[in-house]
Amino acid sequence: MMPLAILGWGLTVPGAMVALALPLGILLLSFMRRRPQAVALGTARFFGEGVEAEASRRRWHLSGARFWALVALLLGILAASRPRPSAEENAVVLLTVYVDRSPSMFLPMDPVDPDGERRVDRALAATAIWLETLDEGGQRAVIRWRALEPGGLDLTLDSGEGVPGALVRPPARAIPAPRWGQWAAPGAVFVTDSAQFASALEGSAVGVFASGGATVPGPVSAGSSGLLTWGGADGPLEPLDAAEPLLQVHVGDGVPGPLRSLVRLWADERGIQPSGGAESAGLTVRGPAGAREPGAGPGDEISAGRDGWSASFDGATPLPLGTQEGWRPWLVGDGGECLVRARSGEVEVGFAAVRPSPSMMEAFVVSWARLLDEHLAPPAAVVSMEERSAAGAPMSREPALEGALDPEVLSRRAARAARGRRAELLLAAGAAAAGLLAFALRLRGSG
Amino acid sequence: MVGVRSSGGLPPLPSPGVVFKGDFLARIGAFATQLAAAREREEVGRRRTLQGDGQEFVGYRPYRPGEDLRRFDWELLARLDRPYVRVHRSEAREDWWIAVDASASMGVGEPGKLQSAAEAAVASTAVGLRLGARITLVLSGSAGQARPLSLTRTEDLGRALATLGAAQAGGQGGLEELVSHQGHRAYARRCGRLFLLGDFLDVDPADVLRMLGGRRRMHLGQVLAPEEWDPAAGARADPGTSEYVDPESTARGRVGADPRRGLERYEQSLDAFITRWSGVAAAHGVSHRAWSSADAFESFLPDLLR
């Protein structure tokens, strides 16, 4: 902060200006001492007219030594106040606001009012209030909003443009709680419900806006016959029968026949009903788009395996290997082709036929059953017990803006700091020179 | 008053009063004896030269130590066994008018000008009384001081000491007030000798000279303080940083940015002032003597009384 700024320069240590009282006092004392001593003299009339005028001027005359001493003090005080060029107008602050999209964020603040304000609303409101203050003081804040979910929102806005509406809508599928440590960087702001991680990031200068929140009892698991509800920290876990099937599976076209049979067996065993469409299904297994016929060409057969089994795959249409939008490769061929990928509620296969090794059939079935188990999405009302737990007290911690400045601004600021240091050195040198001059004049007796 | 501004806030007078020190009476006695004897010698010489012994004899008076033995009446001593001197008309009738300036400007200096003038007045009174003169002592200043004091005998010297010892410098009334006062002027015209003791800063020579006439003799004793003679030599203040204030007119002046030049200008003005008075005095046969208040009266008074 530079509360004193004149002609584009500010004082880093404005308190040093208090020392101005010293030269000011010397100046006043000097004038007081210059005040003439009145002496009674009957012959006072014999002093001339012009002399009086000169004497009046002389009253404001400073001796050389005293003048240079004052100059030395003033320069020294200015140097001690560490002058720096003032911060430029409209400096741009770049902030990245990471918004937690885990299910707990969409729980109500008040457990008895399920339709009331949610944790995400509370946390974003606190963030918005702080962001509104950023444009004051001659700087401009640019906010990059990032929803922490696969393929989530990534939008850059000015701070005055408010919070993107997409952030208050829950994601299509359950998103695990973020690992905040990987996002800690200058200018980062975390919007979440629980600030328990904040102490670990104390020194990182990131901002944290956490809503806090009480325990929210409710469904924590879903089975074939109903829900399992949690009554809170001291409450029981109770089954709740459902009027209609809660879990459904949909097997899309293009899924090889053996795999389709395997999915049906897996669903029967768990009481999961088949679904007519992907929209209502907790799990959709789909084949490759535009699948090729098995044996359509040489070199189509790909070998792959995992969990103790191996198989040959025909009509392969390799899937993307990346992790965009929450996809994760589950089965990769010997040549590096992605044959199966999955995400919550979805499994996609990239082959037209599969021939598992007969000796490894059991391992093949168990491995696939585990894949389907892991990616079966529960109903929207089901939130894990961990997510429903209390989020603690709210927190509003602003990030350090110094590190969030635009790199160009930072570069200019460094240049200004260098100019300031040079000015400080010059002032100190000037003070020393003026002090020496004053001392020399004093020794010479002209002061 | 050119180049001098007036305003309030007067500095205190360094020596407004008069203090006669313990040895002052002894000094007065010795001085009066010595000077009266010298005056008598001169008187006798003048009578012999100009008038011979035929001056009118008016009587006797007791002999005082130090008097000219040529005026001693040996026959009376033999007959009465007591010393007497012969008294002639010229001195027996002489009245002295001693006027002392006690205005504010006389409080300047250490010792003060009023102190020096008072000492000179007492010494002159002592000499006059020793010579048998009738003396009227007047002071300017406050109303109490303005009342004339009539002294005819040596014993009256104590009254003169008391009056002058109680004098305080103050006010604007100086010698000008005394010489322009109708009563004082009327009385002074009957006196043979007029003594004016002061700084003469407030009075015009023409006003003083109007008191002359006939065979009346006038003695102008002009006293200035050491710092008035030389502001640079005064120990009380640095001329370069001092503002000099006339305690009567409240006029102010300074030496200016160039103290040497300012002091030269001051000295020239002061010299012209003193020279004017001495010139006027010489032109009219008036005794004039200017001195510093630091000077002992023994050093200047013989010349003044001559």
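In chain A, three strands form an open sheet in the order β16-β17-β21, with antiparallel pairing. Its edges are formed by β16 (302–306) and β21 (353–356) of chain A, each of which pairs on one side only, and neighbouring strands are turned by 30° against each other on average, direction ignored. The model is a predicted one. Strand β17 (residues 309–314) of chain A is joined to β21(A) by four bridges, and Ala311(A) has Pro356(A) in β21(A) as its bridge partner. Helix α6 (residues 361–375) of chain A packs on this sheet, where it touches β16, β17 and β21 of chain A, and its direction makes about 80° with that of β17(A).

Over all chains, the structure holds 30 salt bridges. One of them connects the side chains of Arg355(A) and Glu301(A), at 2.6 Å from N to O; this pair links distant parts of the chain, with Arg355(A) in strand β21 and Glu301(A) in the loop between β15 (283–286) and β16 of chain A, 54 residues apart. Arg355(A) is partly exposed at 42% relative accessibility, and Glu301(A) is likewise partly exposed, at 47%. In chain B, by contrast, Glu243(B) and Arg252(B) are both buried, and their salt bridge has its closest N and O atoms 2.9 Å apart. Arg153(B) forms a salt bridge with Asp156(B), with 3.8 Å between the closest N and O atoms, and Asp156(B) is buried because its relative accessible area, 7%, lies under 20%.

On the surface, Phe67(A), Trp68(A) and Leu437(A) form a nonpolar patch with about 250 Å² of accessible area together. Phe67(A) lies in helix α3 (residues 64–80) of chain A and is partly exposed, with a relative accessible area of 38%.

Conventions:
Residues numbered from 1 in each chain as written. Chains lettered and ligands numbered in written order. Predicted model: local features only at pLDDT ≥ 70, side-chain atom pairs only at ≥ 80, totals over all residues. Heavy atoms only, no water. Patch = residues over 30% accessible without salt bridge, like charges linked within 9 Å, V, L, I, M, F, W, Y side chains within 5 Å. Areas by Shrake-Rupley, 256 points an atom, 1.4 Å probe, with all protein chains shown as cover. Salt bridge = Lys/Arg side-chain N within 4 Å of Asp/Glu carboxyl O. Helix = DSSP H or I, 4+ residues; strand = E, 2+ residues; numbered from the N terminus. Buried < 20%, exposed > 50% of the residue type's maximum accessible area, 1.4 Å probe, protein only. Pairing = 2+ DSSP bridges. Axes fitted to C-alpha atoms, helices over the stretch in contact; angles between N-to-C directions. Contact = heavy atoms within 4.5 Å.
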